[in-house]
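Morning, everyone. One structure today, and a quick walk through it. Please have it up on your screens.

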Amino acid sequence: SSLNTTETATERPRKRRHPKRPIKLPPPPDGFQALLEGFALEVVRQRPADIYKFGATHFEDLLRRRQSGNGPTVNDEARAAAAADEDSAASPEAANKRVS
């Protein structure tokens with residue numbers, strides 16, 4: 001045991017704890033939010049049984065379309081996300097009808 005005969009468990013020196021500091025993360029790359037919003041929307045629409053398999057297929061399809069020149073660009077995705085935000089802010093009922 002690490003205790004000597006005169007030291008009890010409550011007398012052990014305590015490790016210094018650093019106060020919790022927020023972790024500073026770099027900003028996400030352009031288009032990342034739109035990419036995740038598009039994925040989330042498809043998950044809500046299609047309600048896949050296996051979200052991991054669905055995600056793999058979804059992102060592989062996006063990659064294939066982008067590599068072939070038929071996929072959306074980062075700017076297209078950002079514009080689509082902004083338009084969806086504006087639509088849902090203007091009319092939450094209309095946004096709910098689209099998702100249903």
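Start with the helix pair. Helix α1 covers residues 32–46 and helix α2 covers residues 51–67; their axes come within 11 Å and cross at roughly 130°. Keep in mind that this is a predicted model.

How do we class that angle? Angles over 145 degrees would count as roughly antiparallel, and 65 to 115 as roughly perpendicular. The crossing is at roughly 130°, so α1 and α2 are oblique to each other. The handedness of the α1 and α2 crossing is right-handed.

Now, which residues make the contact? From α1, we have Leu35, Gly38, Phe39, Glu42, Val43 and Gln46. From α2, the partners are Ile51, Phe54, Gly55, His58, Phe59 and Leu62. Sort the α1–α2 contact by class and you get seven nonpolar residues, four polar and one charged.

Next, the record. UniProt lists residues 30–67 as "domain: RIIa", in an unreviewed entry. In the model, that span is 84% helix and 0% strand. Its end C-alpha atoms lie 18 Å apart.

Last, charges. Side chains of opposite charge can pair when their charged atoms come close. The count here comes to two salt bridges. One of them joins the side chains of Glu42 and Arg45, at 3.1 Å from N to O. Glu42 and Arg45 sit three residues apart in helix α1, so about one helical turn separates them. Glu42 also belongs to the contact with α2.

That's the tour. Over to you.

Note on methods:
Residues numbered from 1 in each chain as written. Predicted model: local features only at pLDDT ≥ 70, side-chain atom pairs only at ≥ 80, totals over all residues. Heavy atoms only, no water. Axes fitted to C-alpha atoms, helices over the stretch in contact; angles between N-to-C directions. Helix = DSSP H or I, 4+ residues; strand = E, 2+ residues; numbered from the N terminus. Parallel < 35°, antiparallel > 145°, perpendicular 65-115°, else oblique. Left-handed = near helix turned anticlockwise from the far one by under 90°. Contact = heavy atoms within 4.5 Å. Nonpolar A, V, L, I, M, F, W, Y, C, P; charged D, E, K, R; others polar. UniProt positions renumbered as here; feature names shortened; annotations may be inferred. Salt bridge = Lys/Arg side-chain N within 4 Å of Asp/Glu carboxyl O.
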